[in-house]
Amino acid sequence: MPRYDFRCRSCGATFELNRPMARANDPATCPDGHPDTVKLLSTVAVTGAAASGPAPSGGGGGGCCGGGCCG
Ligand SMILES: [Zn+2]
């Protein structure tokens, strides 16, 4: 379940809530009971991004000649 960070604009406290993504935009209440909170940028781990490494382009290099094996 993703975690969302909130900050209370009444007392300035920051707190975290674990909630389903379907309720990500629901209003959150400060632990002190203040309803005036804002959702901070999510710190949910980014997975899958940049998963593909640099693939070597086919063609020259890595072949037989050039390493001295043909020579
Ligand atoms: Zn508060």
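Modeller: A residue counts as buried when its relative accessible area is under 20%, and as exposed when that area is over 50%, with partly exposed in between. The model discussed here is predicted.

Biologist: Why is Cys 30 called buried?

Modeller: Cys 30 has a relative accessibility of 4%. The cut-off is under 20%, so Cys 30 counts as buried. Cys 30 sits in the loop between S2 and S3. Leaving aside residues up to four places away in sequence, Cys 30 touches Cys 8, Cys 11, Phe 15 and Thr 37. Its C-alpha is 7.5 Å from that of Ala 13, at a separation of 17 residues in sequence.

Biologist: How do you know which atoms coordinate the zinc ion?

Modeller: A donor is an N, O or S atom within 2.8 Å of this metal. Cys 8 (SG), Cys 11 (SG), Cys 30 (SG) and His 34 (ND1) lie at 2.0 to 2.4 Å, so they count as the donors. Along the chain, the donors follow the spacing C-x2-C-x18-C-x3-H. Cys 11 and His 34 link distant parts of the chain, being 23 residues apart. Cys 11 is in the loop between strand S1 (3-8) and strand S2 (14-18), and His 34 is in the loop between S2 and strand S3 (37-39).

Biologist: What makes the arrangement around the zinc ion tetrahedral?

Modeller: The test for four donors is that all angles lie between 85 and 135 degrees. Around the zinc ion the angles are 103 to 122°, and therefore the arrangement is tetrahedral. As a reference, the ideal angle for four tetrahedral donors is 109.5 degrees.

Biologist: Why are Cys 11 and His 34 called partly exposed?

Modeller: Partly exposed is the range between the buried limit of 20% and the exposed limit of 50%. Cys 11 has a relative accessible area of 39%, and His 34 has 24%. Both values fall in that range, so both residues are partly exposed.

Biologist: What makes Phe 6 and Phe 15 a stacked pair?

Modeller: Two steps are needed. Ring centres must lie within 6.5 Å to pair, and planes under 30 degrees apart count as stacked. Phe 6 and Phe 15 are 5.7 Å apart, centre to centre, with 15° between the planes; by those cut-offs they are a pair, and a stacked one. The structure holds one aromatic pair. Phe 6 is buried at 3%, and Phe 15 is buried at 9%.

Biologist: How do you know that Thr 37 is buried, and what does Thr 37 touch?

Modeller: Its relative accessibility is 16%; the limit is under 20%, so Thr 37 counts as buried. Thr 37 lies in strand S3. Residues up to four places away in sequence aside, its contacts include Phe 6, Cys 8, Phe 15 and Cys 30. A polar side-chain atom of Thr 37 is 2.6 Å from the backbone oxygen of Ala 28.

Biologist: Why is Glu 16 not called buried?

Modeller: Glu 16 has 48% relative accessibility. Buried requires under 20% and exposed requires over 50%, so Glu 16 counts as partly exposed. Glu 16 belongs to strand S2. Apart from residues up to four places away, Glu 16 touches Arg 3, Tyr 4 and Asp 5.

Biologist: How many helices and strands does the chain have?

Modeller: The chain has zero helices and three strands, in the pattern β-β-β. Of its 71 residues, 15% count as buried.

Key
Residues numbered from 1 in each chain as written. Predicted model: local features only at pLDDT ≥ 70, side-chain atom pairs only at ≥ 80, totals over all residues. Heavy atoms only, no water. Donors = N, O, S within 2.8 Å, 3.2 Å for Na, K, Ca; no water. Tetrahedral: all angles 85-135°; square planar, octahedral: opposite > 155°, others 65-115°. Helix = DSSP H or I, 4+ residues; strand = E, 2+ residues; numbered from the N terminus. Buried < 20%, exposed > 50% of the residue type's maximum accessible area, 1.4 Å probe, protein only. Polar contact = N/O pair within 3.5 Å; in protein donor to acceptor, adjacent residues only side chain to side chain. Contact = heavy atoms within 4.5 Å. Phe/Tyr/Trp six-rings, centres within 6.5 Å; stacked < 30°, edge-to-face > 60°.
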